[in-house]
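Hi there,

Here is the structure I promised to pass on. Have a look at it first, and then read my notes below.

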Amino acid sequence: MASLISLSKVTKTYRLDGGVEVQALRGIDLKIKEKEFVSIIGPSGSGKSTLMHIIGILDSPSTGLVELEGKNVGKLPEEKLAELRNKHIGFVFQAFNLLPRTSALDNVELPLIYSGVSATERIRRAEEALKIVGLAERMNHTPAQLSGGQQQRVAIARALITKPSLILADEPTGNLDSKAGDEIVSLLKELNAKGNTIVLVTHELEIAKKAKRIVQMKDGVIISDKKI
Amino acid sequence: MIPTGEILKLSIQSLLRNKTRSLLTMLGIIIGVSAVILLVSIGQGLQSYITNQFESLGTNVVMVLPGKFGAGGGVATTAHSVFVSKLSLNDVERISKLGSPIEMVGASIESTSNVSYAGKSRYTTIGGFSAEYLKMMNLSAASGRVYTDADDRVSKNVVDLGQTLAPKLFGSGNPLGKSVTIGGQKFRVIGVLNKFGSSGFGVDTNEFAIMPLTTAQKLFGLKSVQSIGVKAKDKDSIPVVINMVKKELGKRLKDDEFSVVDSSNLLQTINQVLSVLTLALGGIAAISLLVGGVGIMNIMLVSVTERTREVGLRKAVGAKPKDILYQFLIEAIVLSLGGGLIGVIIGSLGAWGLSNFIETTVTWWSILLSFGVSALIGIIFGVAPAARASKLNPIEALKYE
Ligand SMILES: Nc1ncnc2c1ncn2[C@@H]1O[C@H](COP(=O)(O)OP(=O)(O)O)[C@@H](O)[C@H]1O
Ligand SMILES: [Mg+2]
């Protein structure tokens with residue numbers, strides 16, 4: 001089967017103000033296929049987030065090739081990348097990143113505004129997505145009225161709503177207690193069972209083990225890549 | 001690009017999330033726009049009041065006023081002219097003898113005094129008009145009669161009350177035949193006048209009393225008259241009439257002791273004064289709008305900084321730089337237009353409230369101008385913050401604390 005996303009010889013170098021260079025990624029080769037559940041694990045600073053941003057075409061590599069569904073995205077203008085992100089990628093962040101004072105429903109429908117979907121259709125699909133993550137009863141709650149675990153569920157519903165090819169979760173349990181964290185990982189597992197492709201970034205081995213494939217990183221390189 | 005309607009909805013939603021702040025941000029524009037609406041309405045009201053007053057004398061009328069009109073002293077001269085006027089009834093006589101194309105010559109004086117009846121008293125305008133002057137002003141009685149030339153010749157102590165003065169002194173009672181006291185003398189009320197002129201600037205134009213010119217001269221101890229109205233046969237003969245009157249009066253009076261003006265050059269002078277006034281007031285309003293615009297820019301910059309994470313997130317889920325640009329730009333425009341709308345409402349209400357005291361006219365052009373300027377301010381002062389937001393790097397924006 002063709003890869004959903006493919007990275008070859010990807011590097012990322014940050015140049016700090018003083019002229020010092022930080023090599024966050026130094027030659028990454030990684031292919032992710034449809035319906036996979038991959039976890040990326042490694043110590044803090046090993047380049048996990050940087051890698052995830054490149055996979056999600058939110059950032060571009062310093063050198064190397066990134067292909068989404070076989071298409072090189074390296075030379076595309078920002079407008080086009082935004083369109084591709086909207087269509088193919090769903091992000092889940094450690095800090096939830098929900099709009100404050102905005103209902104769960106309005107938060108979830110957000111990506112569809114940028115796909116040009118009509119308001120009634122947006123609401124219908126946002127309700128459906130909230131049902132999937134088990135928050136059908138909390139649609140009109142604002143983030144402040146929800147627990148951390150519930151907020152992360154809203155964020156997952158938001159990632160799901162465009163029916164993306166790939167859901168990227170960067171330390172989604174980092175701000176949660178272990179019980180709520182376990183529930184989020186179980187939810188991601190469920191979603192994968194239903195056919196969603198998921199990349200889960202974490203620094204906890206216990207959590208990484210829930211995936212079907214573990215990619216281990218250190219100092220900007222992949223040191224192991226195992227199927228379980 | 002997402003549709004403008006959607007962006008508008010987004011912008012209004014985020015403004016409503018910060019209601020107090022949005023309102024405070026609009027304050028500068030609100031004050032500026034209500035000032036524009038109010039000031040222009042007062043200026044326009046003043047202009048149409050003066051125009052109406054002059055036109056109440058009828059068309060083709062040339063006025064003889066004491067002093068030098070227009071130069072230096074300007075309009076103000078006429079206010080005190082009753083004390084310095086060198087014009088007399090003799091002048092009126094001589095002008096009427098000039099004949100064609102002069103049709104009619106009338107004279108007037110005006111002063112203020114208490115008018116009282118049975119313990120009720122009003123301090124009001126007293127007009128002393130000759131019978132011809134009455135005709136030129138088109139004054140007529142609603143009940144009773146208006147005094148005549150015969151009353152004027154014998155300086156009879158009779159008075160006609162303005163439409164709104166009568167009920168203030170007599171309530172619902174009949175004033176005809178009753179005696180009122182004016183300046184210590186008794187006057188018999190012989191008529192109540194029909195409504196006259198437009199609503200007034202600062203005064204009720206129908207709260208006044210009139211009496212024969214010579215009666216008023218005796219009452220106020222004057223030998224002079226305050227103004228002479230000369231009616232020309234038609235519009236084309238006005239210049240001829242002006243020359244005839246100037247020549248005749250020049251025989252007896254010095255050049256700077258009288259002026260002969262017609263409605264067009266009087267209105268021109270008044271309009272000049274008023275447009276300078278309107279311009280000055282408009283300048284003040286423009287400054288407050290500018291301050292309002294800077295206020296909007298300031299708050300929008302704060303808002304962009306505060307919402308850095310929101311911008312990052314929107315970009316991550318597929319917003320294009322243009323979507324972000326328009327969202328913040330439209331937010332600024334909605335703020336300034338909203339301020340403009342509230343300002344128009346407050347300004348119009350203010351003008352409406354003031355119309356109880358002075359004449360105000362809210363004009364369409366001032367409302368359209370206010371909206372246009374508000375929108376422009378939103379665009380000019382909203383572009384920089386919106387551009388800043390649209391250029392934010394999504395990854396850094398998402399990490400922003
Ligand atoms: N914007 C940046 N500028 C400079 N250095 C950065 C920037 N982002 C990340 N880095 C550096 O790149 C390395 C990898 O960071 P990151 O991908 O966030 O690691 P992880 O997510 O595994 O903790 C770190 O050394 C970090 O300091
Ligand atoms: Mg990280």
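**Helix packing in chain B**

Helix 10 of chain B and helix 13 of chain B make a right-handed crossing. Please keep in mind as you read that this is a predicted model. The helices in question span residues 263–306 (helix 10 of chain B) and 364–390 (helix 13 of chain B), and their axes come within 9 Å, crossing at roughly 25°. That angle makes helix 10 of chain B roughly parallel to helix 13 of chain B, since angles under 35 degrees count as such.

On the side of helix 10 of chain B, the contact is made by B:L289, B:L290, B:G293, B:V294, B:M297, B:M300, B:L301 and B:V304. Facing them from helix 13 of chain B are B:V373, B:I377, B:F381, B:A384, B:P385, B:R388 and B:A389. By type, the residues of this contact between helix 10 of chain B and helix 13 of chain B divide into 13 nonpolar, 1 polar and 1 charged.

There is another helix pair to look at in chain B. Helix 11 (residues 308–316) of chain B and helix 12 (residues 321–354) of chain B have axes that come within 10 Å and cross at roughly 140°. Helix 11 of chain B and helix 12 of chain B are therefore oblique to each other, and their crossing is right-handed. From helix 11 of chain B, the residues in contact are B:E310, B:V311, B:R314 and B:K315, while helix 12 of chain B supplies B:I324, B:Q327 and B:F328. Here the division is 3 nonpolar, 1 polar and 3 charged.

Which form does the peptide bond from B:S100 to B:P101 take, cis or trans? The bond is cis, with omega near 5°. You will find B:P101 in the loop between helix 4 (89–96) and strand 2 (102–117) of chain B. As background, most peptide bonds are trans.

**The open sheet in chain A**

Chain A has an open sheet of 6 strands in the order 6-7-8-3-9-10, with mixed pairing. Strand 6 (89–92) and strand 10 (221–227) of chain A are at the edges, where each has a single partner strand, so one side of each is left without a neighbour in the sheet. From one strand to the next, the twist averages 15°.

The partner of strand 6 of chain A is strand 7 (residues 166–170) of chain A, in a parallel pairing over 4 bridges. In this pair, A:V92 stands opposite A:A169 of strand 7 of chain A. Helix 1 (residues 48–55) of chain A lies across several strands, among them strand 3 (37–41), strand 8 (197–202) and strand 9 (213–218) of chain A, and runs at about 160° to strand 7 of chain A.

**The hairpin in chain A**

Strand 1 (residues 3–15) of chain A pairs with strand 2 (residues 21–33) of chain A in the antiparallel sense, over 10 bridges. One of the bridges joins A:S6 to A:K31 in strand 2 of chain A. The hairpin has 5 residues between the strands, and A:G19 takes a positive phi near 95°.

A:K9, in strand 1 of chain A, has a positive phi of about 50° although A:K9 is not a glycine.

Happy to go through any of this with you.

Best wishes

Key. Residues numbered from 1 in each chain as written. Chains lettered and ligands numbered in written order. Predicted model: local features only at pLDDT ≥ 70, side-chain atom pairs only at ≥ 80, totals over all residues. Heavy atoms only, no water. Pairing = 2+ DSSP bridges. Helix = DSSP H or I, 4+ residues; strand = E, 2+ residues; numbered from the N terminus. Axes fitted to C-alpha atoms, helices over the stretch in contact; angles between N-to-C directions. Contact = heavy atoms within 4.5 Å. Parallel < 35°, antiparallel > 145°, perpendicular 65-115°, else oblique. Left-handed = near helix turned anticlockwise from the far one by under 90°. Nonpolar A, V, L, I, M, F, W, Y, C, P; charged D, E, K, R; others polar.
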